[in-house]
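Work through the exercises below with the sequence and the model open. Each task is followed by a solution in steps.

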Amino acid sequence: MISNDTTSMGDIRKYFNWRNHTTLVGFLALFLLASIIGWPHFLKSRNLITLLRQISYTGIISLGMTLVIISGGFDLSVGSMTAFAGGVAIFAMNSFGPGSSMGVAAGILTALIFATFLGSLNGFLITKWRIAPFIATLGTMSIYRSLVIYIAQAGNIESINMSYGIIGSGSVLGLPVPVWMFFIIAGVLHVFLNHTRTGRYICAVGDNEQVARYSAININLIRFIPYAITGFTVGVSALLWSSRLNCVNPSDCSGYELDAIAAVVIGGTPMTGGRGSIIGTVLGAIMLGIINNMLVLAGVSSYLQLAAKGVVIIVAVLLQYKK
């Protein structure tokens, strides 16, 4: 009997090693803790939907950031890029006049194409001009923020087309559109990372660039692609953010880069690159939202939320180091 029990426990340990699922275990533990602290308000559907809506903007960006970090880089400019792309999209839409459906289409396309161009510019600086990702994206972060302040003349960039607001504030089957976009893009990038040759090359380049080079992998192209994809995810977030508010303030989206990187790290992707998980990033983004929500429900000052986020990032990195 004792022998059978021992065998069963051994089988369980063989098929489920908790060290390989620390993100999922942490997510479940945090969800349980938040349910207890925030009882009964935390588990109400309205609160959970609000939580998902709040994390969806940075969550979408963190999906692209996951690919960048796996490839061995990172991007500090995503917050400034979001505000810049959103502002330019509203300018493009307003040029068609109020109430124009063509104007809405122009705003959508401008947000996606322009942000992809800005992300590609980061990739170009890093792969062609050999500028370190930290320096290149630190520079473009300042440039993008400065330009959006300039075109806004330090005021708000307001939409004159009320139809634009439907995109960001609408819901489908009870879930806000930004939440749907977050899960859809996560599904697409999960397949891209795990079931395509380019996805495997991104992991290989991040793990060991020299070995990847000897394997005839086009290093520059593979390092460039994640920055372009991150630009596209920024464009989606910029579109949803600007349409929800129907305006953009030049100071909007400050700190998005920290939230995006935090979601990736908490989701189990090491900053050293080479491996990572889109599903882990989804859980990491939701965990950040749960922490913020839990602190609000517990009546903790909003000024301490950033400190709590910093503690969680440090703990996540320490767990990765222990692994």
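This is a predicted model: local features need pLDDT of at least 70, side-chain atom pairs count only at pLDDT 80 or more; totals for chains, interfaces and linings use all residues.

**Exercise 1. Salt bridges**

Task: Find how many salt bridges the whole structure holds, and state which residues are linked in a network.

Solution. 
1. A search of the whole structure gives two salt bridges.
2. One of them pairs Glu209 with Arg213, with the closest N and O atoms 2.9 Å apart.
3. Glu209 and Arg213 are separated by about one helical turn, because they are four residues apart in helix 10 (residues 209–214).
4. Glu209 also meets Arg223 in a salt bridge, at 4.0 Å from N to O. Arg223 belongs to helix 11 and Glu209 to helix 10, so this pair ties together parts that are 14 residues apart in sequence.
5. The cut-off for a salt bridge is a side-chain nitrogen of Lys or Arg within 4 Å of a carboxyl oxygen of Asp or Glu.
6. Glu209, Arg213 and Arg223 are therefore linked in a network of salt bridges.

**Exercise 2. Accessibility in the network**

Task: Classify Glu209, Arg213 and Arg223 as buried, partly exposed or exposed.

Solution. 
1. Buried means under 20% relative accessible area, and exposed means over 50%.
2. Glu209 has a relative accessible area of 25%, so Glu209 is partly exposed.
3. Arg213 has 37% and is also partly exposed.
4. Arg223 has 13% relative accessibility, so Arg223 counts as buried.

**Exercise 3. The largest pocket**

Task: Give the volume of the largest pocket and state which residues lie closest to its centre.

Solution. 
1. The largest pocket holds about 480 Å³ of space.
2. Its lining has 22 residues, and the closest to the centre are Gln54, Ile55, Asp259, Asn292 and Lys309.
3. Two or more lining residues come from each of these elements: helix 3, helix 11 (219–245), helix 12 (256–266), helix 13 (278–297) and helix 14 (305–322).

**Exercise 4. Thr58 and Gly97**

Task: Locate Thr58 and Gly97, decide whether each is buried or exposed, and list their contacts.

Solution. 
1. Thr58 sits in helix 3 (residues 45–70).
2. Thr58 has 13% relative accessibility, so Thr58 counts as buried.
3. Leaving out residues up to four places away in sequence, Thr58 touches Tyr256, Asp259 and Ala260. Among these, Asp259 is also one of the residues closest to the centre of the largest pocket.
4. Gly97 is found in the loop between helix 4 (78–94) and helix 5 (101–127).
5. The relative accessible area of Gly97 is 16%, so Gly97 is buried.
6. With residues up to four places away again left out, Gly97 touches Ile160 and Asn161.
7. Gly97 and Gly235 lie 138 residues apart in sequence, and their C-alpha atoms are 22 Å apart in space.

**Exercise 5. A nonpolar surface patch**

Task: Name the residues that form the nonpolar patch, and state which helix gives the largest share.

Solution. 
1. Val172, Leu173, Trp180, Ile184 and Val188 form the patch on the surface.
2. Together these residues have about 500 Å² of accessible area.
3. Helix 8 (residues 177–195) provides the largest share, three residues.
4. Val188 lies in helix 8. The relative accessible area of Val188 is 53%, so Val188 is exposed.

Methods. Residues are numbered from 1 along each chain as its sequence is written. Side-chain values use heavy atoms; hydrogens and water are left out. Patches are made of residues with over 30% relative accessible area and no salt bridge: like charges are joined within 9 Å, nonpolar side chains (Val, Leu, Ile, Met, Phe, Trp, Tyr) within 5 Å. Accessible areas come from the Shrake-Rupley method with a 1.4 Å probe; for residues, only the protein chains shown count as cover. Buried means under 20% relative accessible area, exposed over 50%, partly exposed in between (1.4 Å probe, protein chains only). Contact means heavy atoms within 4.5 Å. On a 1 Å grid over the protein atoms alone, a cavity is a set of points where a 1.4 Å probe fits but cannot get out, and a pocket is an open set with protein on both sides within 12 Å along at least five of seven lines; lining residues have an atom within 4 Å of a point. Grid points are joined across faces, edges and corners, and a volume is the space filled by probe spheres set on the points.
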